[in-house]
Amino acid sequence: YHKRGSIGSLFRSLLVAELHARDCTLIHGGCVSRPDGGAVITGWDDMGKTSTCLSMHERARFSFMGDDAVVLGADGRAHAWDSLVGISPYTSTGNIPMSLKKRARILIKRAAKAVPGLGVLHSSREQIDVTDVIDPQRCQPETVFFLEGGDDGPQEITTAEGARRLVETSNADKSL
């Protein structure tokens, strides 16, 4: 707490300790599921985790289980994390229910990103309530996708490298 100096970091530390005591892990990522399994979507900030999860929910009929924070149990099951979703101007919001005012703010920020000097305006996130969309169930993820920038296209990585990246991105996220 003294290192970071915020109530959010204190809360996160307490939450992580409590989850650890229950053989659970909090990771930075999203999760979608279907009756036959699910997928964890993780990666660095602004790589498209939310857009990917929402797109899979809307187009591929996956259940949306949460974004930015996923709780993994000792049995490997992912548990939904019912919280607000941070929508950047780049995020595809699909058919997520929200007020016209909130949708208009997102569209304005999206348009502003093309105007030089308005970077501050389009970089801020809108908090969206996804209570009506989230599936409070748990699932057994069979796949983990790590999103990162680059032009190399999809690449398979080893389990050890995937675990290293997952720990690194989860520790780097201060909003959990």
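**Cysteines, strand pairing and side-chain contacts**

C24 is buried, its relative accessible area being 18%; buried here means under 20% relative accessible area, exposed means over 50%, and partly exposed lies in between (1.4 Å probe, protein chains only). The structure is a predicted model, in which local features need pLDDT of at least 70 and side-chain atom pairs count only at pLDDT 80 or more, while totals for chains, interfaces and linings use all residues. Residues are numbered from 1 along each chain as its sequence is written, and side-chain values use heavy atoms, with hydrogens and water left out.

C31 is also buried, with a relative accessible area of 1%. The closest cysteine sulfur to that of C31 belongs to C139 and lies 3.9 Å away, too far for a bond. With a disulfide defined as a pair of cysteine sulfur atoms within 2.5 Å, the count comes to 0 disulfides.

Helices (H or I, at least four residues) and strands (E, at least two) were taken as DSSP runs and numbered from the N terminus. Two strands were counted as paired if DSSP finds at least two bridges between them. Strand β5 (residues 70-73) pairs with strand β1 (residues 24-27) in the antiparallel sense over 4 bridges. Within this pairing, V71 in β5 is the bridge partner of L26. Strand β5 is also joined to strand β6 (residues 78-79) by 2 bridges, again in the antiparallel sense, and here V71 stands opposite H79. The hairpin of β5 and β6 has 4 residues between the strands, and G76 in this hairpin takes a positive phi near 85°.

The search of the whole structure finds 1 aromatic pair. In this pair, the ring centres of W44 and F146 are 6.4 Å apart and the planes stand at 90°, so the arrangement is edge-to-face. W44 is partly exposed at 32% relative accessible area, whereas F146 is buried at 17%.

R165 lies in helix α5 (residues 159-172) and E148 in the loop between β10 and α5, so the pair ties together parts that are 17 residues apart in sequence. R165 is buried, with a relative accessible area of 16%, and E148 is partly exposed, at 42%. A salt bridge is a side-chain nitrogen of Lys or Arg within 4 Å of a carboxyl oxygen of Asp or Glu, and 7 are found in the whole structure. Another of these joins R164 to E161 at 2.8 Å, N to O; the two residues are 3 apart in helix α5, a separation of about one helical turn. Both E148 and E161 belong to a network of salt bridges that also links R164, R165 and E168. A further salt bridge connects R34 and D36, with 3.9 Å between the closest N and O atoms; R34 is partly exposed at 35% and D36 is exposed at 57%.

Conventions:
Rings of Phe, Tyr and Trp (its six-membered ring) pair if their centres lie within 6.5 Å; planes under 30 degrees apart count as stacked, over 60 as edge-to-face and the rest as tilted.
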